[in-house]
Amino acid sequence: MSEPGGHGVFRVGSTLTLTLLLACVGCSSVVASDLPEAEANRALVVLEDHGVSADKERDPETEGRFRVSVARDEAAAAAGVLARAALPSRENPGILQSLGSGSMVPSRLAEHARLLSGISGELEQSLQAVDGVVSARVHLAAPERSPLDEQAPSRPSASVLIRHQGATPPIAVSDVQRLVAGAVPGLAAADVSVVSSPAPASARPVEKELRRVGPITVTRGSLSPLRFVAAGAVLLNLALLGAVLLLWSKVRRTEDALGQARAEGSPSPR
């Protein structure tokens with residue numbers, strides 16, 4: 001007789017657990033997708049630095065790519081953080097990608113333009129690999145040298161825009177000039193203009209500082225509500241356990257009373 005009551009209590013607990021699981025479905029929101037793994041890792045670091053807990057997972061829509069998701073109520077804050085950090089960054093095609101995207105019979109001018117675009121892309125990738133560089137743009141102005149042109153071509157030049165973390169650029173202007181000049185034939189380091197701009201710093205609010213509670217990472221502002229929820233779950237489990245024990249005790253007493261009544265009502269042996 002004890003099984004129906006016990007199953008009923010556990011059925012209530014299972015129903016509550018299933019309800020909580022269903023409530024968590026759709027609680028996350030994707031803020032960046034179709035990312036290379038390195039770019040997804042950068043987005044994770046930036047979000048964590050600003051107190052936004054994020055998860056990285058494989059993008060089911062694109063093989064070999066990743067996406068970043070956050071809690072639905074933090075999607076707006078995460079989008080703002082990524083925008084200020086210029087993430088996801090623009091993918092910079094290299095020389096091979098730029099030259100491979102032309103027509104079947106390209107002109108010399110088109111080939112030269114694609115070559116410059118590829119060199120710019122590879123320089124931007126090199127600059128963004130420096131710790132502290134948020135984004136980099138490289139613009140090259142290098143006219144094509146033609147052997148049939150009697151006039152001397154104008155000197156090539158370049159301009160570089162770097163957004164970086166902190167007040168001090170992570171790479172010296174002279175180093176940027178040498179890097180760019182070494183990649184373009186005939187370009188002198190003195191003809192490379194470099195502009196460095198600090199990215200706006202976003203101070204993390206105290207309530208957005210991350211705290212770990214066992215395997216769960218939450219913001220400091222969510223720590224107290226989480227503790228109340230955990231305490232409520234413990235109390236609920238204790239209440240369910242108490243209800244099971246009480247029900248079991250009542251069933252045992254009922255069984256004992258029935259057994260005693262049967263023993264008293266049965267005829268005595270002659």
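Visitor: Why does Asp-34 count as partly exposed?

Guide: The model is predicted, so local features need pLDDT of at least 70 and side-chain atom pairs count only at pLDDT 80 or more, while totals for chains, interfaces and linings use all residues. Residues are numbered from 1 along each chain as its sequence is written, and side-chain values use heavy atoms, with hydrogens and water left out. Buried means under 20% relative accessible area, exposed means over 50%, and partly exposed lies in between (1.4 Å probe, protein chains only). Asp-34 has 36% relative accessibility, and therefore counts as partly exposed.

Visitor: What makes the contact of Arg-65 with Asp-34 a salt bridge?

Guide: The term requires a side-chain nitrogen of Lys or Arg within 4 Å of a carboxyl oxygen of Asp or Glu. For Arg-65 and Asp-34 the closest N and O atoms are 2.9 Å apart, and the pair is a salt bridge. This pair links distant parts of the chain, 31 residues apart, with Asp-34 in strand 1 (residues 28–35) and Arg-65 in the loop between strand 2 (54–58) and strand 3 (66–71). Helices (H or I, at least four residues) and strands (E, at least two) are DSSP runs, numbered from the N terminus.

Visitor: Why is Arg-65 called buried?

Guide: Arg-65 has a relative accessible area of 18%, and so it is called buried.

Visitor: How do you know that Glu-39 forms a salt bridge with Arg-42, and what separates the two along helix 2?

Guide: Their closest N and O atoms are 3.7 Å apart, and the pair is a salt bridge. Because Glu-39 and Arg-42 are three residues apart in helix 2 (residues 37–49), about one helical turn separates them. Glu-39 is buried at a relative accessible area of 10%, whereas Arg-42, at 25% relative accessibility, is partly exposed.

Visitor: Which residue forms a salt bridge with Asp-191, and how far apart are the closest N and O atoms?

Guide: The partner is Arg-155, with the closest N and O atoms 2.6 Å apart. Asp-191 lies in the loop between helix 6 (173–183) and strand 6 (192–198), and Arg-155 in the loop between strand 4 (133–141) and strand 5 (157–164), so parts 36 residues apart in sequence are tied together. Arg-155 is exposed, with a relative accessible area of 61%.

Visitor: How many salt bridges does the structure hold?

Guide: The structure holds eight salt bridges.
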